[in-house]
Amino acid sequence: MTQSVDLSGVDTLAQELATIQQTGAKRIAILGSRHVPITHQNLIEMMSYALVLGGNRLMTSGATGTNSAAIRGAMRADASLLTVILPQSLERQPRESRKQLEKVMHLVENPDNDHLSLAEASALCNTEIVSRCQQLICFAFHDSRTLLKTCEEAEDQRKLVTLFYFD
């Protein structure tokens, strides 16, 4: 009796096991909703702090909420291990974000996207962040279409994806 084996599933499992067993530093992206209660922001900040203290390189975008909390934690641990990729130019970011972003050592702006809507620019930015990371940690609501699409893209690229829902 012969059975067919789904090789893509085996390949995915092998890759996930290799990522989990990797003991060295990783490139980890943290992305998430702007609409996050302060208690959740504190948890995200502590997590990013711990990840960076562990020697991991952290990537995020520049929005308020989840991304801002990730930036605060990473900056406290080791600012040189943080990269922030903006969906548009720094000037297009909200005033409350700009003050924090001006302190980021590795800041990537995308002024070519200034003519796009924030949603379109954010989707492109998330794609760039996913292409640079090994693992994605995402905080979203069940109706966060852009973030959920980003998680699907990351899974399609065989990245390790951890998705937390707020609702």
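Leaving aside neighbours within four places in sequence, valine 84 is in contact (heavy atoms within 4.5 Å) with Thr60, Ser61, Gly62, Ile71, Leu101, Val104, His106, Leu107 and Val108. The model is predicted, so local features need pLDDT of at least 70 and side-chain atom pairs count only at pLDDT 80 or more, while totals for chains, interfaces and linings use all residues. Residues are numbered from 1 along each chain as its sequence is written, and side-chain values use heavy atoms, with hydrogens and water left out.

Val84 also belongs to the largest nonpolar core, which has 20 residues; Ile30, Ile44, Leu58, Leu82 and Val84 touch the most other members. Two or more residues of this core come from each of β1, α2, α3, β3 and β5, and the largest share, 4 residues, comes from α3. Apart from this core lies another, of 16 residues, among them Ala29, Leu31, Leu147 and Leu148. A nonpolar core is a set of buried Ala, Val, Leu, Ile, Met, Phe, Trp, Tyr and Cys residues joined through side-chain atoms within 4.5 Å. Buried means under 20% relative accessible area, exposed over 50%, and partly exposed in between (1.4 Å probe, protein chains only). In soluble globular proteins, nonpolar side chains tend to be buried together.

## Helix α3

Helices (H or I, at least four residues) and strands (E, at least two) are DSSP runs, numbered from the N terminus. Helix α3 comprises 13 residues, 66–78. The expected span of a helix is 1.5 Å times one less than its number of residues. For α3 this gives 18 Å, and the end C-alpha atoms are 18 Å apart, which agrees.

Thr66, Asn67, Ser68, Ala69, Ala70, Ile71, Gly73 and Ala74 are the buried residues of α3. They pack against β1 (27–32), α2 (38–53), β2 (57–60), β3 (82–85), α4 (95–101) and β5 (135–140).

## Salt bridges

The whole structure holds 4 salt bridges, each defined as a side-chain nitrogen of Lys or Arg within 4 Å of a carboxyl oxygen of Asp or Glu. In one of them, arginine 72 pairs with glutamate 45, the closest N and O atoms being 3.0 Å apart. This pair links distant parts of the chain, with arginine 72 in helix α3 and glutamate 45 in helix α2, 27 residues apart. Arginine 72 is partly exposed at 26% relative accessible area, whereas glutamate 45 is buried at 12%. Arginine 76 also forms a salt bridge with glutamate 45 (3.2 Å, N to O). Because arginine 76 lies in helix α3 and glutamate 45 in helix α2, this pair ties together parts that are 31 residues apart in sequence.

A further salt bridge joins arginine 132 and glutamate 128 (2.9 Å, N to O). These two residues are 4 residues apart in helix α5, and are therefore separated by about one helical turn. Both are partly exposed: arginine 132 has a relative accessibility of 35% and glutamate 128 has a relative accessible area of 21%. Salt bridges that share partners join Glu45, Arg72 and Arg76 into one network.

Strand β1 is largely enclosed by the rest of the structure, because 5 of its 6 residues are buried. Two strands pair if DSSP finds at least two bridges between them; β1 and β2 run parallel and are joined by 3 bridges. Alanine 29 has methionine 59, in β2, as its bridge partner.

Phenylalanine 139 is placed in strand β5 and is buried, with a relative accessibility of 8%. Not counting residues up to four places away in sequence, Phe139 touches Ile30, Leu31, Gly32, Ser33, Ile44, Met47, Thr66, Leu147, Phe164 and Phe166. Phenylalanine 139 and serine 33 are 106 residues apart in sequence, yet their C-alpha atoms are 6.3 Å apart in space.

## Cysteines and serine 122

A disulfide is a pair of cysteine sulfur atoms within 2.5 Å, and by this rule the count is 0. The sulfur of cysteine 151 has its closest cysteine sulfur in cysteine 138, at 3.7 Å, which is too far for a bond. Cysteine 151 is buried at 4% relative accessible area, and cysteine 125 is buried at 2%.

Serine 122 is located in helix α5 (residues 118–132). This serine counts as buried, at 12% relative accessibility. Beyond its neighbours within four places in sequence, serine 122 is in contact with Arg34 and Pro87.
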